[in-house]
Amino acid sequence: MQDYPTLAYVMEAFTGTGGDIVGQIKIIWTQLKAPLVVPLLTISLTICLVMSIMLFIERVYMGLVTGYIKLFRKPTRKRYKFEPFKDDIELGSSVYPLVLVQVPMFNEKEVYRLSIGAACELTWPSDRIVIQVLDDSTDPIVKGVVQVECQKWASKGKNIHYQVRDNRKGYKAGALKEGLKHQYANQCEYVAIFDADFQPEPDFLLQTIPYHHHNPELGLVQTRWKFGTAGVWRMAAIEGAGGWQDRTTVEDMDLAVRATLKGWKFLYLGNIKVKSELPSTFKAFRYQQHRWSCGPANLFRKMVFEIIRNKRVTLWKKLYVIYSFFFVRKIIAHIVTFTLYCVVLPMAILVPEVAIPKWGSVYIPITITLLNAVATPRFLCLQFY
């Protein structure tokens with residue numbers, strides 16, 4: 001019997017005459033553990049530890065960069081020109097650029113009234129702002145109430161357009177792209193995009209558009225959600241980057257990367273926060289997280305060679321976008337989080353022959369968590385949840 005291969009032991013355990021199923025499982029586990037489970041688990045652990053080190057180095061690097069910027073870099077208004085718009089007696093409201101506000105929707109029965117209301121209450125001359133509600137809803141009841149809400153604001157003098165499509169091709173990206181085809185949209189110089197769960201403060205445009213207006217190299221002025229980010233695009237940057245595309249589920253990231261490769265600069269205003277709502281159901285939340293997790297990896301697969309061949313950005317920026325932004329943060333981070341903590345560590349409890357170093361299972365995760373907490377102190381409690 002000692003000369004039999006492991007598979008023979010397994011087959012013998014299954015074909016044995018005994019009725020002790022638990023005992024048979026123990027025999028199979030004993031025979032498979034040393035030649036198969038231990039090597040596979042050891043290899044998986046090694047790969048996970050390497051990825052953890054990569055993630056740790058990236059997080060430390062970003063922490064040092066963030067700290068340096070906060071301590072030594074000039075304030076935003078000293079690095080970029082900012083002058084608030086003022087009414088002119090002769091020119092009137094024409095000193096304000098024409099702004100398009102897009103609000104894409106899909107069966108948003110819980111938040112449609114709040115988001116449309118927030119867009120309509122933005123402080124900006126009424127003849128210099130156009131609000132566009134892009135409704136892709138499939139529920140006729142929701143479509144009806146959204147249209148009624150738009151009509152209500154139109155009766156109050158707001159320049160609001162309710163737009164629907166015959167199909168949902170391209171989903172959100174398709175709706176945004178279709179919205180820009182209208183003549184009144186083409187006349188606008190800037191476009192602010194608020195998802196249906198966004199609730200910007202009334203002075204949002206007053207705090208962001210002046211940066212665009214006085215700094216022509218900026219393609220995007222980005223602000224902070226209370227649960228993410230939001231911003232205002234320059235129309236020329238969208239058009240120059242090839243417009244909205246529906247090849248991935250992260251259409252905003254796709255456009256941002258393409259605009260970066262065209263040489264446009266972005267400005268992040270972390271002090272300006274936009275209220276937003278969490279998904280109303282667990283299914284919607286799960287879909288959102290799946291989209292945010294898988295979308296960047298799919299985008300990386302489609303754009304990596306385009307980034308490498310690009311001649312308008314430096315080698316350092318290419319390395320940063322490919323390695324740091326995409327590979328480590330959008331791919332490695334998700335893989336190591338699931339594999340190490342949901343598979344390898346639980347399996348190691350059953351296989352004591354595989355020793356897990358304390359630095360990999362305790363010290364590195366704690367350090368990464370603390371660095372994330374320092375970067376976003378108001379979410380400290382969520383970091384340890």
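Me: Are Asp254 and Arg258 buried or exposed?

Reply: Buried denotes a relative accessible area under 20%, exposed over 50%, and partly exposed anything in between (1.4 Å probe, protein chains only). Both Asp254 and Arg258 are buried, and the value for Asp254 is 0%. The model is predicted: local features require pLDDT of at least 70, side-chain atom pairs pLDDT 80 or more, while totals for chains, interfaces and linings use all residues. Residues are numbered from 1 along each chain as its sequence is written, and side-chain values use heavy atoms, leaving out hydrogens and water.

Me: What do the side chains of Asp254 and Arg258 form?

Reply: They meet in a salt bridge, with 2.9 Å from N to O; the term requires a side-chain nitrogen of Lys or Arg within 4 Å of a carboxyl oxygen of Asp or Glu. Asp254 and Arg258 are 4 residues apart in helix H10, so about one helical turn separates them. Helices (H or I, at least four residues) and strands (E, at least two) are DSSP runs, numbered from the N terminus. Asp254 also forms a salt bridge with Arg247, the closest N and O atoms being 2.9 Å apart. Arg247 is partly exposed, at 24% relative accessible area.

Me: How many salt bridges does the structure hold, and which parts does the pair Glu251 and Lys172 tie together?

Reply: The structure holds 10 salt bridges. In the pair of Glu251 and Lys172, the closest N and O atoms are 3.4 Å apart. Glu251 belongs to helix H10 (residues 251-261) and Lys172 to helix H6, so the pair ties together parts 79 residues apart in sequence. Glu251 is buried at 5% relative accessibility, whereas Lys172 is partly exposed at 24%. Elsewhere, a network of salt bridges links Arg113, Glu149 and Lys152.

Me: Why is strand E2 described as largely enclosed?

Reply: Of the 7 residues of E2 (residues 129-135), 7 are buried, so the rest of the structure largely encloses this strand. Ile129, Ile131, Val133 and Asp135 point one way, Val130, Gln132 and Leu134 the other, and all are buried.

Me: Where does Asn107 lie, and what is its phi?

Reply: Asn107 lies in the loop between E1 and H4. Its phi is near 55°, a positive value in a residue other than glycine. Tyr171, in helix H6 (residues 171-179), also has a positive phi, about 55°. Asn107 is partly exposed at 23% relative accessible area, and Tyr171 counts as exposed at 55%.

Me: How much of the protein chain is buried?

Reply: Buried residues make up 41% of its 385 residues. The secondary structure of the chain comes to 14 helices and 8 strands.
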